[in-house]
Amino acid sequence: MHKPQRIAAVAAACAVAGAALYGAGAATAGQSTANSTHEPYNIGLLVKDIDTYYGTAPDANGVYQASSTSPYAKDLASIDKAAKKYIDQAARKAVRKGEKPAVVFDIDDTLLLSLDYEKRYNYTYNSATWAAYVNKADRPAVFGSPELVQYAEKKGVEVFYNSGLAEAQRSAAVENLKKVGADINLDADHMFLKNAATPPSYLSGCATPGTWTCTTVQYKSGTRKHIERDLGYEIIANFGDQYSDLEGGYADRTYKLPNPTYYVS
């Protein structure tokens, strides 16, 4: 993807703990813009809050990692517990109704954590450094997410990926997901990446060969519509770290994973 628009996520840093389940009708929940005339939150203090939330510390190789005992990890564990319970129930219900249940996962900071990149580049984005970072295929897992992928598959739920990573980054994404244990359905029929050169026909309303005007919501909801309408699946759950991963419908339930480091509209 990574971030076509980056905004200091003040509201996200303050609200991550309560923003686990993102339900229908809450399209702007947890979002905020800096329209106030009051002094904004100090960015230095915000970075400290983010580090505390993740339990950020460099490992023996100097790579910044999140702590497995951090508030971030605890929030993820709560989300995963609720999601597993729901997936189990929803999958059985879908099968009884003759439907083919599916789940959809974003990749960046939903399955693969980019905290080290954010720390090294001071929460700023550069397309060249981001591409190099992704192509290393060495990001750690978001706590619990690969296990959630495996859980869904074991429950007979079809797993799809809906990511803003570029088509050119497919091999790196596949390699990295295999490394962290999310080795389920990593073929082109299940992993949808942004292909601006030759976009799929179901996105023709905002993308034609060589011309891409799709917003994140248009791209991701359009892909989910394709999974449901064209491929015949019922998406029982959609997981993402950005609200734009979740908006636009075509999912029975959506789960917002915490990410106070950037915002994608």
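**View 1. Strand 5 and strand 6 side by side.** Strand 5 (residues 158–166) runs parallel to strand 6 (residues 191–194), and three bridges link the pair. Strands count as paired when DSSP finds at least two bridges between them. One spot to look at is N162, whose bridge partner in strand 6 is F192. Helices (H or I, at least four residues) and strands (E, at least two) are DSSP runs, numbered from the N terminus.

This is a predicted model, where local features need pLDDT of at least 70 and side-chain atom pairs count only at pLDDT 80 or more, while totals for chains, interfaces and linings use all residues. Residues are numbered from 1 along each chain as its sequence is written, and side-chain values use heavy atoms, with hydrogens and water left out.

View 2. Strand 5, helix 7 (residues 170–180) and strand 6 form a right-handed β-α-β unit: with the strands pointing away from the viewer, the path from the first strand over the helix to the second runs clockwise. Helix 7 buries R170, A172, A173, V174, N176 and L177; buried means under 20% relative accessible area, exposed over 50%, partly exposed in between (1.4 Å probe, protein chains only). These buried residues pack against helix 5 (127–135), strand 5 and strand 6, with contact meaning heavy atoms within 4.5 Å.

**View 3. Positive phi after helix 7.** Just past the helix, G181 has a positive phi of about 95°. N185, in the loop between helix 7 and strand 6, isn't a glycine, yet its phi is positive too, near 55°. N185 is partly exposed, at 24% relative accessible area.
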